[in-house]
Amino acid sequence: MKIKSVSLFMLVIIMLFPFSTVQALSTHNVYYVQAGIFGQLENANRVFNSLHNSGLTAYKQPLGKNTTVFVGYYSTKREAESALQQVNDLGYQASLKLASFRLKKYQKNTVYTVQLGVFSKEQNANRLYDNLRGYQYGVQCVSADKYIKVQVGDYSTAAEANDVLNEILKLGYSGFVVEEDLNHRLGLNSVVDEPDGNSGLQAKNYILRNDQYFEGLYGSYTMFFYKNENWNLDSAYVELKYQKSPIVSVEPSTITVLINDVPIYSEFLQKENSVRIKINRDYINDGYNSITFHSFSRITDLPCEDDLNPANWLKILGSTFVHLEYSKRDDSTSLADFPYPYMIQGLNMPLDAEVLLPPNPDEDELAALMMLSQALGRLERFYNKDITVKRYGENDLSDSNIIVISKKENLPAEYISYFAAEELALTNKNTVIREIISPYNPDSKILFLIWGSAPTFNKALNALLDPDIVKQMKQSSYSIADSFAINAPAKAADETITFKEAGYSGVQVEGLFEHNINYQLQIPSNWKPVDGANIHLKLRYSEVLDFDRSLVTVLVNDVPIGSSALAYDRAHDDTIELLLTEDSLSDSGNYSIAVKFSLYLDDTYCETRVDSSVWAYVVEDSYLYFPHEENKNLFLRNYEGVFLKDDTLSEMNFILPANYSMEELEAAAAISSYLGRFANSFGKSYVHTANALPENLNNCIAIFSAEQGKELWHEINDYAFVKYDLANQNYQSTSEIPLIGTDNIASLQLVPYHSGKMLIVSAVNKVGMDWAKKFLTETETIYLLNGDVAMINNQGMIKSAIFDPELKANLGQPVFSDRHNYQQQNRNRRFKLKVENIKLAIVIFSVLIMGIGVVIYWKR
C-alpha cells in the first residue's frame with residue numbers, strides 16, 4: 001500500500017490549492033526560523049537538541065536526502081525576529097522564512113497526525129526518528145516543553161491517518177492518531193498587532209485567557225474589550241470556543257453571544273465547537289465594550305434534573321477571543337490628537353514611535369528621556385512598551401514616528417529651520433513643543449520637546465497627559481513657561497478606587513440563574529492594606545425576584561470573600577460591603593474582582609422558562625475601599641513600590657556608567673516607563689553617568705553591564721547580595737543561589753542602600769541586559785521574580801531567593817488582625833424572617849399542637 005505521508009513543508013504547497021470540499025479559503029502568512037539544512041544526520045540532531053534544550057519549539061524533518069531543522073511557527077514578524085535572535089545567540093547562522101497557508105475561513109482547520117512516542121531523552125527520540133526515516137515516512141521530531149514528540153505526517157482525513165498507522169503497526173511500532181487544529185499550531189489565534197502589508201490593516205485580539213464554567217440550566221459570563229477612538233474599524237468578529245458535557249442534549253440546548261447587550265448569534269450546543277461570529281461595526285463603541293455569553297443547557301425532560309445534576313455543564317474555553325481589524329485614522333498636524341499617532345492605546349505594544357537624542361546627550365537630556373518614558377507609561381498602564389532610543393546620525397529614521405528630545409544648543413542643524421528665531425529664544429527658560437510632518441516619511445510625524453529647564457519640561461509633559469489641556473492645543477507649537485498652571489492630578493478620594501475610574505460603565509445581567517462579571521483594578525503596590533479594606537458593591541435589581549434564594553457572591557483574585565442575599569426593600573438602591581481577606585490580597589497591586597449573581601423567581605425551582613423581568617445591575621460607582629500604610633515588604637516583582645509615594649514618582653535617580661551603551665540606556669527608559677504605569681504625577685528625574693556612586697542618594701536604580709560598569713562594581717559590591725568577581729569576570733556563587741558558569745547571566749537585586757533601597761540591574765553582556773529589561777518591565781515575566789535577588793541565564797531560566805534578613809523576618813506575618821480574618825461578618829446583612837414565613841411557621845406550629853392534643857385525647 002502506498003503511504004500518503006505529507007510533511008509540513010509539503011502541506012504548505014498542497015494548501016496553496018483549494019480542496020474541493022472547502023468553499024471559503026484565505027491565505028495566512030506565518031514565519032519560521034531556518035536553523036539549517038544538513039547532509040549529516042548527526043549535525044541535524046545536535047542542532048535540534050540544542051534548540052530543544054533552549055526552550056524553543058523546534059522541528060526536525062527529512063528534506064530529500066537531507067534533514068532540515070527549524071523553529072516556529074510565528075504569526076507576527078516581531079515574534080519570529082525574537083526567536084531568530086535567540087537561535088543566533090546560540091551560535092547558529094539562522095535565517096527568517098515565510099510560509100503561506102490556504103486555510104478554511106471561520107472554521108477549524110483540522111489535520112490528523114500519527115503520534116508514535118513522547119520522549120524525555122533526545123537519544124530515544126532520535127533512534128525512533130532514524131528507524132522510521134528509513135521506511136520513507138514523513139516522520140518529524142517536534143520539541144514540546146520538556147519532551148520531544150515523534151510523529152508522522154499531517155493528513156486531511158482521519159481515515160488516511162489510520163491507514164498509515166496500520167502500516168506502521170505492522171512494523172512493530174505502537175502509536176495512535178491525534179486530531180489537531182492547524183490554526184493553533186501556526187499561532188493564528190494569538191494576539192496580533194502587526195500591520196498586514198497587503199491590506200494596510202492592523203489587528204487586535206482580546207483573549208478570554210481563563211476557562212469559564214457554567215453549571216445548571218442557565219449560565220452567563222461578561223468580559224470587556226477596548227476600541228481606540230483613533231481606529232477606523234474595518235471588521236470584527238468573536239472566535240467562540242466551547243465544550244459541553246457529553247450528556248447535554250444538542251437540542252434544545254443553546255449558546256447566545258451579545259455585544260453591548262445586543263444579541264448577535266445563537267446556535268444549538270455541539271459537543272465542542274470553534275465558530276467565528278461576525279460583529280456589526282455599528283455595535284462597537286469607542287472605549288470599553290462588553291461581550292456576554294449566555295447558555296441554556298438541558299440534559300433531560302424530567303423536572304429539577306437540569307439544575308441539580310452536576311453533569312450539566314458547559315465550558316467556554318480561555319482561547320476564545322474578540323478580533324478587531326482597523327486602519328489608523330489620518331492625523332492632522334495638531335497637538336490636540338496627542339498621544340496619537342505616537343502611541344495607540346489599547347494595543348499590546350502601543351508605542352509607535354522612536355525617541356531621538358542628540359549625538360552626545362548630556363545628563364539633563366537623559367533625565368528628560370526618563371521623564372518622557374514615565375509619561376508614556378502613564379498614558380498606557382496595561383500593555384508593555386519597548387522604547388527604542390536612537391542618537392541622531394547613527395540610524396535610519398524613515399520608518400516611524402519620532403519624538404526628539406534636545407536642548408536648543410544640541411539640536412541638530414537639520415531641525416533648526418523648523419523653528420522661528422523667537423521660538424528658539426524662549427527655550428532659554430521655557431520648554432517648546434512642536435509637531436511637524438516627518439521629512440523622512442510623509443505618513444509619519446516628528447514631535448519636538450526642546451528642553452528649557454527641568455520644571456518647565458515636567459510641566460510640558462503633564463500638560464500632554466491632561467486630556468482637557470490637550471484638546472485645547474489646536475496649533476502645532478506651544479511654549480510652556482514655569483508660570484504655566486497645571487491641574488493637580490486627581491486623587492482617589494478616601495482611598496477608594498471606583499469601577500468608573502478604572503474605565504468601566506454600569507453592567508446589567510438579565511435572566512434566571514447564574515451570571516458572572518469580571519473587573520480588573522490596580523492599586524499602588526506600596527500600599528499595604530489595614531483592617532477595614534473592603535468592596536462596596538452598589539446594585540439595583542428586579543423587585544420580582546425570589547428573595548429567599550437570590551443572592552450575589554464576590555470573589556477577589558479567585559478567592560470568595562462573601563455572599564449576600566438580595567432583598568425586596570433594597571432593590572432600588574443596595575450597597576453590599578464585604579471585607580477583603582488575607583488570602584485575597586495581591587502583592588502586585590492587581591485585583592481581579594468577580595461578581596456572581598444567582599437570580600431566581602418564585603416557583604422556578606424546576607422551571608425552564610426565560611423571563612426578561614429577572615435582572616440585576618452593577619452601578620459604576622461601586623468601589624474598592626483600601627485604607628493602607630506603606631508596604632515595606634517589597635520583592636523584585638513589586639519593586640515600583642520602592643519609588644512611589646502613594647501614586648507619585650516624586651524623584652527618580654538613575655545611575656549609568658560613564659561610557660554607557662544604548663542597551664543600558666534603553667533598559668533605563670523601559671524601567672522608567674514601567675514605573676510610570678503606577679503613577680498619577682511625576683517629579684524630576686536625574687541621570688548620573690559616572691564611574692563612582694553619587695553621594696546623598698537614598699532610592700536609586702543602577703544599570704550597567706560588566707564591560708561598561710567595571711568601576712561601578714567596586715562600590716556596588718559593598719551593597720550587593722550576589723557580588724561580582726572582577727578578576728574572574730563572573731558572579732560569585734552563594735548558598736541561596738549556587739552558580740556554575742555565568743557567561744550571559746543577568747542579575748537583579750533589590751538591596752538596602754543608606755536609608756532607602758537600590759535596584760541593581762547588571763549583566764555580563766548585551767544578551768543578559770535584554771533579559772534583565774524583559775523581566776523588569778513585562779507583565780508576563782515580572783511575577784516570576786519571587787525574591788529580592790534573581791539571576792537569569794541566557795535561556796531565560798531564573799533563580800530567585802530572599803537575602804535581606806529583615807524581609808525574611810517579616811514573611812508569614814498576617815496582614816490583617818485575627819479578628820478581621822476569622823470573625824468578619826457582612827455588616828450590611830442580618831438574618832430576618834419575612835412576615836409570610838412567620839405566619840407560615842405559626843400555622844404549622846398550631847396545627848402540630850392541635851394534632852398532638854387530638855392524639856392524647858383519643859388515647860385517653
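Predicted model: local features only at pLDDT ≥ 70, side-chain atom pairs only at ≥ 80, totals over all residues.

Student: How do you know that the span of helix α8 is close to the expected one?

Tutor: Helix α8, residues 363-379, has 17 residues and reaches 25 Å from its first C-alpha to its last.

Student: What makes you call α8 largely enclosed?

Tutor: A residue is buried when its relative accessible area is under 20%. In α8, 14 of the 17 residues are buried, so the helix is largely enclosed by the rest of the structure.

Student: Why is D362 said to cap the N-terminal end of α8?

Tutor: A polar contact needs N or O atoms within 3.5 Å. A side-chain oxygen of D362 lies 3.1 Å from the backbone nitrogen of D364, and D362 caps the N-terminal end of α8 in this way.

Student: How do you know that strand β6 is paired, and with which strands?

Tutor: Pairing requires at least two bridges between two strands. Strand β2, residues 58-63, is joined to β6 by 2 bridges and runs antiparallel to it, with Y59 standing opposite V142. Strand β7, residues 147-155, pairs with β6 over 6 bridges, again in the antiparallel sense, and there V139 stands opposite V152. Strand β6 itself, residues 139-144, is mostly covered, with 5 of its 6 residues buried. In the hairpin of β6 and β7, 2 residues lie between the strands, and D145 takes a positive phi near 55 degrees.

Student: Why are β14 and β31 called edge strands?

Tutor: They belong to an open sheet of 8 strands, in the order β14-β13-β16-β11-β27-β33-β30-β31, with mixed pairing. Strands β14 (262-268) and β31 (559-565) each have a single partner strand, so one side of each is left without a neighbour in the sheet. Neighbouring strands of this sheet are turned by 20 degrees against each other on average, direction ignored.

Student: Why is the aromatic pair of Y59 and F70 called stacked?

Tutor: The structure holds 32 aromatic pairs. Rings pair if their centres lie within 6.5 Å, and planes under 30 degrees apart count as stacked. For Y59 and F70 the values are 5.0 Å centre to centre and 5 degrees between the planes, and the pair is stacked. Y59 lies in strand β2 and F70 in strand β3 (residues 66-74), so the pair ties together parts that are 11 residues apart in sequence. Both Y59 and F70 are buried.

Student: What makes the pair of Y415 and F448 edge-to-face?

Tutor: Planes over 60 degrees apart count as edge-to-face. The rings of Y415 and F448 lie 5.2 Å apart, centre to centre, with 70 degrees between the planes, and the pair is edge-to-face. It links distant parts of the chain, with Y415 in helix α9 (residues 413-416) and F448 in strand β23 (residues 445-451), 33 residues apart. Y415 counts as buried because its relative accessibility is 0%, and F448 is buried at 0% as well.

Student: Why is P738 called partly exposed?

Tutor: Partly exposed covers the range between the buried limit of 20% and the exposed limit of 50%. P738 has a relative accessible area of 46%, so it is partly exposed. P738 is found in the loop between β41 (730-731) and β42 (746-753), and, not counting residues up to four places away in sequence, P738 touches S733 and K799.

Definitions and conventions
Residues numbered from 1 in each chain as written. Heavy atoms only, no water. Helix = DSSP H or I, 4+ residues; strand = E, 2+ residues; numbered from the N terminus. Expected span 1.5 Å × (residues − 1). Buried < 20%, exposed > 50% of the residue type's maximum accessible area, 1.4 Å probe, protein only. Polar contact = N/O pair within 3.5 Å; in protein donor to acceptor, adjacent residues only side chain to side chain. Contact = heavy atoms within 4.5 Å. Axes fitted to C-alpha atoms, helices over the stretch in contact; angles between N-to-C directions. Phe/Tyr/Trp six-rings, centres within 6.5 Å; stacked < 30°, edge-to-face > 60°.
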